Amino acid sequence: YPAADRASGPTSVYMDGLERLPPKVQMLPGFVLRSFGAIDTRAVVAAPVSPARPRWPVVIFSHGYGAARAFYTGMAADLASRGYIVLALDHPYESALVELADGTLALPIERFLPQDPDRVRYMEERQSPRVKDIRYLVDRLIADEGLGPLAARADLSRIIAAGHSFGGSAAIGALGEDRRIVAGADLDGMLRGGVEALPQPRPVLVIESDHRVTSYTPLYHARIEVLMARAGPGSIRHEIKGANHFSFSDLESFLAPPARPLARLALGGDRPAAAVQRETVEVLDRFLTAALP
């Protein structure tokens, strides 16, 4: 969130639960994730909120499938620097790692069915719990509960849902179900569960990685086209040339600088992730400036 100038104090950890990791988290050995404890987030814990405005618009951000909210720290910090409170949430038992309130670690639990080889049904069914998570966070905002220094500083008339990959689908689903959310942004996400059929026209932003790099299916395009046809004034569909699907996250930054071009070569796309995230935030900021009341 926008903090007061020259805030000082202890800095926030990059990721929760690093001291109690199991031997393996998703495909990564636990000792690799423990090294994330050395990441300097440059984020001061409980810093005073900037007094430049009485209230700040809110972006609720939902992560990609199997990722974690921490993996979007770079983009969230950039958004905050432009005048937004960013509330990134983890989806327990689907996120790579979630430290629950009692200190236990929630790891992914996946129950794939043999009659669902492409996992289409499974992903469709996971849509509803994600939307409920986002709407619960809106409830907490409205009730002004557990917000610490952000208490009474969130502009409740300007709440936006955004997300990457599966999180983008959840954001559009929450937009369609909850009138308290005024705009939605899908970053490179396949729409699930019929969320493209917005009940009323609403401002929508769709940002996509390079179409030459990402193999979008005909179903993906069909659902995005339905969404844009139902979207409200000011809606945008934007392609970022040279980006791959993972460019929106911090994934590339986990590697040493010499290895980053090799990762882009393996994943596709030739544009550094930092540049992709910068363009994403610039487009999102322009969209929200025009869309917010």
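How exposed is Arg 180, expressed as a relative accessible area? Arg 180 is partly exposed, with a relative accessible area of 29%, where partly exposed lies between buried (under 20% relative accessible area) and exposed (over 50%), judged with a 1.4 Å probe and protein chains only. The structure is a predicted model, in which local features need pLDDT of at least 70 and side-chain atom pairs count only at pLDDT 80 or more, while totals for chains, interfaces and linings use all residues. Residues are numbered from 1 along each chain as its sequence is written, and side-chain values use heavy atoms, with hydrogens and water left out.

**Salt bridges**

- Side chains of opposite charge can pair when their charged atoms come close.
- A search of the whole structure finds 19 salt bridges, each defined as a side-chain nitrogen of Lys or Arg within 4 Å of a carboxyl oxygen of Asp or Glu.
- Arg 180 meets Asp 178 in one of these salt bridges, at 2.8 Å from N to O, and Asp 178 is buried with a relative accessible area of 2%.
- Both residues belong to a network of salt bridges that also links Arg 135, Asp 139 and Glu 177.
- Arg 212 forms a salt bridge with Asp 210, the closest N and O atoms being 2.8 Å apart; Arg 212 counts as exposed at 68% relative accessibility, whereas Asp 210 is buried at 0%.

**Helix H4**

- Helices (H or I, at least four residues) and strands (E, at least two) are DSSP runs, numbered from the N terminus.
- Helix H4, residues 166–177, has twelve residues and reaches 17 Å from its first C-alpha to its last, close to the 16 Å expected at 1.5 Å a residue, an expected span being 1.5 Å times one less than the number of residues.
- H4 is mostly covered, since ten of its twelve residues are buried, among them Phe 166, Ile 172 and Leu 175.

**Strands S9 and S10**

- Strand S9 (residues 204–208) pairs with S10 in the parallel sense over four bridges, where pairing requires that DSSP finds at least two bridges between the strands.
- Within this pairing, Ile 207 has His 238 in S10 as its bridge partner.
- Together with helix H5 (residues 218–230), S9 and S10 make a right-handed β-α-β unit, which means that, with the strands pointing away from the viewer, the path from the first strand over the helix to the second runs clockwise.
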